[in-house]
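Notebook open, structure loaded. I want to work through the helices and then a handful of single residues.

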Amino acid sequence: MTEAGVTGRRANRRGMATRESMLKGALRSLASGDPASVSGNRIAKEIGVTWGALKYQFGDIDGFWAAVLHYTAERRGDLPARVDPNQSLRERVEGMVELMFDGLTATDSLAIETLRAALPREHAELERLYPRTAAELASWKPLWNEACQKAFADLAIDPVKVREVATFFPAAMRGIVSEKQLGTYSDLAEARQGLANSIIAYLYQPDVK
């Protein structure tokens with residue numbers, strides 16, 4: 001192996017480590033929930049680098065936000081498709097509810113919510129100002145739908161019903177998590193069980209356990 005080859009590989013590994021360190025720092029900053037944290041300059045300062053260093057790694061603020069979102073998607077993995085094929089419909093749905101409830105209170109999810117709240121709501125405006133960020137966000141829906149279909153594929157459940165559940169499920173779970181964050185007298189364990197029971201009743205078919 002040539003010296004140039006060794007140097008190039010080491011530099012690449014260092015670059016990847018630096019990039020990941022920046023992304024982790026961005027997640028910590030955004031997870032604070034402070035709207036002011038949605039600033040490339042502020043995040044750079046908090047993680048101890050310059051804005052120029054961030055631009056070198058990600059190109060611009062659009063590339064940075066797209067990379068942050070993609071990083072969370074990679075860490076999240078192919079959920080909820082990773083289910084035990086021996087589980088019943090009830091076990092799968094209840095598992096999904098608890099998994100998302102825990103996930104939505106984790107650092108990555110809090111960071112995503114802070115970033116999304118600061119981005120334009122209208123698709124056209126988002127795509128105009130932040131095309132790479134918009135493309136990353138848009139890619140999540142079909143991947144999520146596909147993962148949900150895989151999670152129930154062996155149970156022969158109506159795919160239209162699964163797609164409908166996949167559409168409303170994240171929003172319903174965010175509502176329950178929001179109640180937890182705001183403080184509530186409601187029993188959120190009961191709320192989660194009620195949501196699971198409703199989904200099970202909707203998806204249930206006589207030949208499905």
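Predicted model: local features only at pLDDT ≥ 70, side-chain atom pairs only at ≥ 80, totals over all residues.

**Overview.** I read along the sequence and got the pattern α-α-α-α-α-α-α-α-α-α. My count for the protein is 10 helices and 0 strands. Helices here are DSSP runs of H or I with at least four residues, strands are runs of E with at least two, and numbering starts at the N terminus.

Residues are numbered from 1 along each chain as its sequence is written, and side-chain values use heavy atoms, with hydrogens and water left out.

I looked up burial next: 35% of the 209 residues count as buried. Buried means under 20% relative accessible area, exposed means over 50%, and partly exposed is in between, using a 1.4 Å probe and protein chains only. Then contacts, meaning heavy atoms within 4.5 Å. Among contacts with a separation of 6 or more, 71% are between residues 24 or more positions apart.

**Helix α10.** I took residues 188-203 and found 16 residues reaching 22 Å from first C-alpha to last, close to the 22 Å expected at 1.5 Å a residue. The expected span is 1.5 Å times one less than the number of residues. Which residues of α10 are buried? I noted L188, R192, L195, A196, I199, I200 and L203. Looking down the axis of α10, I see its buried residues within an arc of 135°, so they line one face of the helix. The arc is taken from the directions from the helix axis to the C-beta atoms. On the other side of α10, E190 and A201 are exposed.

What covers the buried residues of α10? My list includes α5 (89-103), α8 (131-152) and α9 (159-182). I also checked the start of α10, where a side-chain oxygen of D187 comes to within 3.0 Å of the backbone nitrogen of A189.

**α9 against α10.** Two packed helices are described by the angle between their axes and the distance between the axes. For α9 and α10 I have an angle of about 175° and axes 11 Å apart. That makes α9 roughly antiparallel to α10. The axes are lines fitted to C-alpha atoms, for helices over the stretch in contact, and angles run from 0 to 180 degrees between N-to-C directions. Angles under 35 degrees count as roughly parallel, over 145 as roughly antiparallel, 65 to 115 as roughly perpendicular and the rest as oblique. Residues on the α9 side include V165, F168, F169 and I176; those they meet on the α10 side include L188, L195, I199 and L203.

**Helix α5.** The 15 residues should span 21 Å at 1.5 Å a residue, and I find the end C-alpha atoms 21 Å apart, which agrees. Buried here are L89, R92, V93, M96, V97, M100 and F101. They cover an arc of only 165° around the axis, which puts them on the same side of α5. I see them packing against α8, α9 and α10.

**Helix α6.** For residues 107-118, 12 residues should span 16 Å, and the end C-alpha atoms are 17 Å apart, which agrees. I logged D108, S109, A111, I112, T114 and L115 as buried.

**T72.** I found T72 in α4 (residues 61-76). Buried or exposed? T72 counts as buried, at 1% relative accessibility. Its side chain reaches the backbone oxygen of L69 at 2.6 Å. A polar contact is a pair of N or O atoms within 3.5 Å; within protein, one must be able to donate a hydrogen and the other to accept it, and residues adjacent in sequence count only if both atoms are side-chain atoms. Beyond neighbours within four places in sequence, T72 is in contact with L27, D108, I112 and W140.

**I61.** This one also lies in α4, and at 26% relative accessibility I61 counts as partly exposed. I61 touches G40, W51 and Y130, residues up to four places away not counted.

**P85.** I placed P85 in the loop between α4 and α5. At 59% relative accessibility, P85 counts as exposed. P85 touches R92 and D154, again not counting residues up to four places away. P85 and D154 are 69 residues apart in sequence but 7.6 Å apart C-alpha to C-alpha.

**A156.** Last stop is the loop between α8 and α9, where A156 sits. Most residues other than glycine have a negative phi. A156 has a positive phi of about 55°, and it is not a glycine.
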